[in-house]
Each structure stands twice: as structure tokens, then as C-alpha cells.
Amino acid sequence: MTAIQIIFILSALVILGAAVMVVSTKNLVHAALYLVATLFGVAVLFALLDATFLTVVQVVVYIGAIAILFIFAIMLTRREMRDQGEQLNGGWGAAALIGLLTFGGLFLLLGNWRGFGATAAALPSGFDGVVELGTALVSTDAFVLPFEVASVLLLAALIGAVYVAGTKK
Amino acid sequence: MIPLSWYLILAAALFSVGLFGVLARKNAIAILLGVELMLNAVNINLVAFWRYGSLASIAGQVFAIIVFAVAAAEVAVGLGLVISVYRRRNTVVADELDLMKW
Amino acid sequence: MTTELLIWLIPLPPVLAFFLIVLFTNRSKALSHTIAVGAALLSWAGSMVVFFRAVGEEHFGEHPFASSVNWLPTGDTWFKIGVSIDPLGAAVLFFVAWTVLMIFLYSVGYHNFGQPKGDHDRAGLPPHGATVTDEHGHKHTVLSVEPMYSRFFAFIGLFAFGMYTLVVSDNLLTMFVGWEIMGLCSYLLIGFWYGKPSARAAAIKAFMTTRIGDVFMLLGIAFLYKATGTLTFSEIFTEETLGVLANTKTFFGLSAAGAIAILLFIGTIGKSAQWPLHVWLPDAMEGPTPVSAMIHAATMVSAGVYAVLRMFPLLTADFTGHGLTTAMSVVAFIGAFTALFSATIAVAQNDIKRVLAYSTISQLGFMIAALGIGAYIAAAFHLITHAFFKALLFLGSGSVIHGMEHGVLHTGNHHIDPQDMFNMGGLRKKMPITFWTFLIGGFALSGFPIITAGFWSKDEILADAFAHGHWAVFITLAVAAFLTAFYTMRQITLTFLGEPRTKEAEHAHETPWTMTAPLVILSIFAIGYGWVGIPEHFPVLGGILPNWFHEFVGGTLLEHPEAVEFSWIPLGTSLLVALGGLGLGWLVYRNVKSPAEDRLQIPVLKNKWYFDEAYDFLFVKPAYWLSETFTYLWMDKGFIDGILHSFGKAAAWVGDAIRNYFDGPVINDFIADKLSHQWTIHPAARAVRKAQTGRIQQYMLASIGVLFVVGVLVYYFLLA
């Protein structure tokens, strides 16, 4: 077991454990905090995958913005400080079945794929992921258009969210 | 060295857990939490395939960036809707929001 | 400036005045009348220049002033229009220019320019008087200014344009254009006071009646064009063309020339108000007096006679000098008959303008009769002298009416008719200028010997009739001349002589200079114009002054007409009837004070031989029946609308049938309701509806499940 593998297994455990807690805990605030844990784990995974920029973005955007947003929303929509009763609805059995089936299906599907056991190639020397990513995002024969469209999408979402959630006087 | 398969299985599991959360939770915000889990699973997959595939084509990371942006937008709007619905109907339990039934 | 150019320009100032007044100066009375009178003055000046140049030419008839332009392309050739002044044209231009100018000037005073606005005056009704307070605080009512003052000048401007166009034309087409413009203006001016129903009716009557004549005239023009291919006078009146027309036979034994002449003459019957189309002229007295003077004395009705004068070569194309042709007989008959007929009506009229109206009809009859018997010069001479003295008489009567209105406003009694001669009397002392000029005009009309122009012209007609042995015409015209003198003296006696019979007549007074100056000028012509036409062989006076008129105007025709031989009989007859008529009139009427004492107030004469009633019965009522009952009620509403409504009703019936028998029971009840809904759709719908719970997680579950199943199927059957 190399150190990398141990780190991987630890973060995988954190991820999955926190994920299960997210979907099963009765207290919503706890669920949001477990989500934060999951997201941290994913950030570590990104770091293991040499996607340095994404690691930072994951922490800043997902944890720093989205999870905080969840916490705000949870606080705004609570009648009391504790949720009561079951948090799983009547169809949870079917849902569990579906989840298992999905996992099984994906596993089988991927298992039949040749490249399933591939190992990582070495990074070329002088490879700067961030510069590559940056160039790709703004060069016209690469991904500048999705980039720009994504910014328009964010603007639309911003306006929409403000309008939908705003108080009408 | 970590084979690709470990990442993929992890992502599949995370995805399934997220799916269960979406389908089985009562609270609307919890449903959205499940959606976030699914999106993260997708991101892991994308970056893994980038790393274990052709490093030159940075499309995988770019896709992941886009997914970030979309996820952020979706969460903003979704939570805005939930808050708006809460104001009107005073509930966030998904099963109670059934105005669109027959 | 060349004479031809000047002739082109003569008709323009009045029409420019019309447009300027209508578009710009309608509000300003002073500006409008200045423009109008200025335009008349310009045309007058142009006409005088042309006239004097024409008179100065030797053998003017052989080379008249002419100028034409190519106007309408007709295949290989051009239809030309243009202007031409030959001797007849020059003489006519002279009197038209003078009378038009005098009438324009008169209108300024007649419509009371300078007077205050009336108390209740409205546009469309004659002015009714204004109350003014003088320096002592007394109120009196004075004549008020006409509200539609500028409009009047615009219309008479347009009218003058029409007359000038008619006179200077060298072809029948533009002559007809001028003719019709005058017809339109006649309508507009007779109906000037459109607020009065009688004026409106009179305007329509005038227009319709002259229209009847105009239709036939147009037929004549078309016939002429077809026969000769040209409408220009100089091209028609050539030996060859006239010969051809004279020898082509048409219907009723008339030659083509005669037929065309008769058709054109029917236009004159309408325009110059000859029997049977005379009915419009007396009613036309509804218009203001300058209108009556201009249209119905000096210019428009003269245009009718001018047309026959122009067409004289055509009328006499097959005249050989012995015995009148059919066409000429028709013309002579209508002329003579009308002369006598309307003279008989005139003796029983009490309205001062009506007498003059019938007198005009009668005198026009004289001219037409003269043309019918071939007395070209006499007719032209009488046309011109008549224009002067008749205009004088009408303007004089306008002056009298104005004076009487002064009196009416003074006494405030609006029930008395200021135009009724029996309400007048003694006006010679109150309105001296009007009296003397009216006297001169009346004497001229009666043919008072030597000093009045009417004598010379009328005598020449009688002399011509006698010399050529047309006894019927001679006697009829002589009797008519007698009656003319009689009713004229009746008119003068009742109006001016004796003592005032009413208070209103006592308070009459003379009219302003703008009205009396034209009277004086016209009376100079009424006296003097006769002396240019003294026949050569007249005892004592003949030969002292050359018979300029005969020499000059006679040059218009291809063959210079010969002078009539002198005979004492027509001269004696003419002296007898003139002086006799005048004397008898004075003797009878100097003691008549009211209509009851007037023995000539015979109903059939007062009612114009019941012609109006006859026409109403024969033509007007059937026309109304045809349009209101037959065409409108039966044809349009009954028949055509009936067909259309029946289409609509049929369509509606079909629609109802379909709805009640097919759509209702079959489609709606059976298919839609039972078959579809009750038996099939509703049960199915109720079943499916249960899946729609509104809970999104259930929807998601279902969709992911389906997705999973589909994914498996796709994988195993398609991909693996």
C-alpha cells in the first residue's frame, strides 16, 4: 500500500460515510454539514488526481458558496429548531432498490470495459494544469463559447433566484 | 498506484447514494442535497477520465468546471424556489406539494 | 404683344381671380372684389385692344386673328384647339367685355360693400339689415353687407372665364366647354342664396333644363365631327365641306348640315330659354340681380344666339335664297313663337324682374327668328344692342329693388315684397339716375325711334322679314314688338311714374355710385350703339354714317350678305308698334293703383300658360315615380334585395338543418358523448389519472425505473 492509496481509501471512506449520513440523518443542519465533509473528501480526491485548480475551486465554490447557501435555506424554512418525525418518505424501499440496481448496473457496465484497470500515465514534465485549463477556457478553437455561455447562465440564474425568492412588496 | 477502477466504483457508489437521497427524502432541501452528491460523483468521473485518459485534451477538466457553474446556478434557483414555496404554503415537505395532481 | 397671344390671355384674369379668391382671399371682402374687378378690367382692356386692332384691319373677315395648338393626337393627325377672333367675334367680344365689367362693378354696390354686418345674417340667405345707432341715439335699420360676398365674386369670375372662352374659341369643343362652365356657374349663382328652398329648386331647374338642350348639342357636335373629321370653324366653313354636308341626306328630309344645325340649335333652345325649354329663366330670377343681368341678359343667353350665329353657314348650307329649308323653318318658327308667347306672359307679371325675364326670352326669340329667316346681320346687331339695354334694365331693376329695400328696412314692414311693381310708384323723384337710365333702357327695348339702339336693330329684323316675304314671321314679330312696348311702358309707369303707393316706396332713395355709374355707361351704349348700324338707304339719316356694323360683321361670312332694300312698310309698322305700345301702356297704367284694377291679370297669362304645371305632370312626376317607386322600391329593394336576402335565408336554413338534424343528434350526442366519453374515454381517463399524484419523487422514481429498464434492454439487445 503506497501512501497515495491509503489517502485514497481514507478519503473514500469519508466520502461515502458522510454521503450516507447526508441522506439518512433526521436533522437537516447535520445533513448539510455532512455534505461539507463529503465535499472536502472530493476535494482531496481531486488533489490526488493532479487537478489542482479544481481542488481549490471545489473548496471555494462548493463548500464556500453552495453549502453555505444550503445552510441559509435550511434556516429560512424551518418552523422549529428540530425536525420531527421520519425523514424518509413512503417510497424509500423502492428508492433503495433503485439505488442498488444503479450501483450494480454501473459496476457491471464498467467492469466489461477494457480500460477499467488502467493505471495513470505520468504527468509530462513542465505540465501546468492551470495554464492548460486557462488557455483552453479562453481560446476560440477550444472552450471559450461554453465558458461564456456558462457565465450567461449564471447571470440568468442570479436574476431568476433573486426574483423568485424575493419578497413582493 | 491507484487504478482507474477504484475511482469509478467510488463515483458509482456516491452516485447511487445521491440517487437514493433524491428519491427517498421528504424534505425538499434534502432532495437538493442528494442532487449535489450526484453532481460530485459526476465530477469525480470526469476528472478521473481526464487523468487516466489523454492528458493533452483538457476537455475533462473544462467539463468539470462547467458542471461547477451549472451546479451553482441550479442550487441558487432551486433554493430560491423552495423558499418561495415555503412562503406560500408554509411547508417544504415534497409530498405536500402536490397541487399538480389530477 | 401679338394680338393672338393677347386673345389667348383674355379669358385668364377672371379664372385666376376665381382661384385666388377661393383659395386665399375669401375672408377679405375688399381684396376679393378688387381682384375680381381688376381681373374684369384686365380682360376688358385686352378685349378693347383686340377689338380696335380688328376694326383697323382691311377685309378682316378674310384673315381673322387665329392661333391654334395641337392638342389631342388622333391617329395620323392632331385635333387642334385654339383661339380666333373674326369680325363677329370682335363685335361680341366688345359687348361682353363692357357688360361684364359693368356688372362686376355693380356687384360691389349691390352686395352693400362698406355696410355693417347684418343683425341676423347667415351665409346662404339674403342679407336682412343691420341696426345702427346714429349720433343722436336713434336706431335705424340699414342695408347690411352680403355675408358670402367673396364667394359671389369668385363665381362671377369663373362665369366670365366661361363666356370669354366661348367667344374666343375657334372650335366647337372649347366653345362647348365655355358653354358648360357657364351652365355650372348659372347653377351656382342662381342657387347663390342656398338657404332659400326656392333658390335651390330654381338652380336645379335651370341646370336640368339647359342640360336637356346640351345633350342634343353634344349629339350635334359628335355628328359634325363624324361627318367632317374636324371641329374647327375655319375648317368646317369651307365651300367644299359645307357642300358635302348640304348634299348628304339624313332623316326627316334634312340634309346633314340641317340635321347638325337643328341639334346644335336645340342646345340654344335650352341655353337661350326658347320655347319649349323656356321654363327655367323666370325662376332664375331667384339669383341676385347682377346674376340675372349677367347670365340672363347680357352673356349666357346671348351665348345661345352666338352659337347659332357661328353655325349660320351650317344652317344655311342648303339655302338657295328661295324658300326656307326645313332647318331654318324650325328655327324661325321657334323664334317667332317664343317672341310672341313670352310677350303675352310678360304683360301679366307683377314682379319687376319677372317682366324683364320674359322680355329677355321674347327678345331672344326675335334674334332666333331673324336667324331662321337668314337675317344674319340683323340678328347679330340685335344681339349686341339687346345685351346692352337688357343689362341696363336688369341692373336698373336691381337698383330699384335696393331702393325699395331701404324703404322696407326703414318702415320695418317685412311682409311687403320689394320687387312687386304694385308696391312701387313715384320712384322717379326718389331715384332720378335710376329713373332716367331705366327709361333709356326701356325705350331701347321698345324700339323708340332714332335715338335708341333697339330701334335700329329691331327695325332691321322686321325689314328683313318683310323684304324676303316671310309674312308669318313679320306679323308675329310685329305683334310681339307691340306687346313689348306695352309691357315696358306698363313697367315704367307702375314703377317710376305717379305717386308712391306704399310707405316703403316713399322712403326709397338712390343707390351708391358703384351701382349708378354702370347704369349711366350702359345707357350711353344703349343709345349710341344703334348709330353704327344705320342702313344705307334709310331716309334722311342713311348714308350720313356708314353702316359700319354691316360692313364689318358681314365680313365674317363667306359671302358678304347684301343690304336689305328699304321699304316704308316695315319702318312704319315698327314706328307704329313702338310708339303705339308705349303710349297705350302709359294711358292704361297711369291710373292703375292695384292688381285688382289691372285688367290684364288674366290667370292663364299670370300662370305662364300653365307650362310649368304641364311639365311637372308630364315629366317631373313620372321621373320621380320612376326613381322612387319603380327603381327604388320595386327593383332595388324588392327584386335585387329580395334575391340577396333569399340567398342569405337559404344559407341560414341549410345551416339550421345541418345543425338540428345532423350535428346535434349524430355528432354531438352519439359520437362525442356516448361513444367517446361515456363508453371509452372517461373510464380510461379515470384509470390513468391515478398515476398523477403531484409528488415529484414518485415521478422521479418511476422515470428512473423506466430509464433503468430501457437501459438494460438497450444494452443487451443493441450494444452487447
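Analyst: A salt bridge is here a side-chain nitrogen of Lys or Arg within 4 Å of a carboxyl oxygen of Asp or Glu. By that rule, one salt bridge is found across the interface of chain B and chain A, and it joins the side chains of B:R51 and A:D50, with N to O at 2.9 Å. This is a predicted model, in which local features need pLDDT of at least 70 and side-chain atom pairs count only at pLDDT 80 or more, while totals for chains, interfaces and linings use all residues. Residues are numbered from 1 along each chain as its sequence is written, chains are lettered from A and ligands numbered from 1 in the order in which they are written, and side-chain values use heavy atoms, with hydrogens and water left out.

The interface of chain B and chain A also holds eight residue pairs in polar contact, both residues at pLDDT 80 or more; such a contact is a pair of N or O atoms within 3.5 Å, where within protein one atom must be able to donate a hydrogen and the other to accept it, and residues adjacent in sequence count only if both atoms are side-chain atoms. On the side of chain B that touches chain A, the elements giving two or more residues are α1 (4-24), α2 (28-52) and α3 (59-89) of chain B, helices being DSSP runs of H or I with at least four residues and strands runs of E with at least two, numbered from the N terminus. The largest share of that side, 23 residues, is supplied by α3(B). By residue type, the side of chain B that touches chain A has 53 nonpolar, 10 polar and six charged residues, where Ala, Val, Leu, Ile, Met, Phe, Trp, Tyr, Cys and Pro count as nonpolar, Asp, Glu, Lys and Arg as charged, and the others, Gly among them, as polar.

In extent, the contact (heavy atoms within 4.5 Å) takes 69 residues from chain B and 85 residues from chain A. The area buried between chain B and chain A is about 7000 Å², with carbon and sulfur atoms giving 78% of it; buried area is the accessible area, taken with a 1.4 Å probe, that two parts lose on being put together, summed over both.

Chain B itself has three helices and zero strands, and along the sequence it reads α-α-α. Of its 102 residues, 68% count as buried, that is, under 20% relative accessible area with a 1.4 Å probe and protein chains only, with exposed meaning over 50% and partly exposed in between. Within chain B, 56% of the contacts with a separation of 6 or more are between residues 24 or more positions apart.

For the surroundings, the interface of chain A and chain C brings nine residues of chain A into contact with six residues of chain C. About 570 Å² is buried between chain A and chain C, 75% of it from carbon and sulfur atoms, and the side of chain A that touches chain C divides into five nonpolar, four polar and no charged residues. Across this interface the rules find zero salt bridges and zero residue pairs in polar contact, both at pLDDT 80 or more.

Chain C comes to 28 helices and four strands, and buried residues make up 53% of its 720 residues. One residue in chain C is C:H386, which lies in helix α17 (residues 376-411) and counts as buried because its relative accessibility is 0%.
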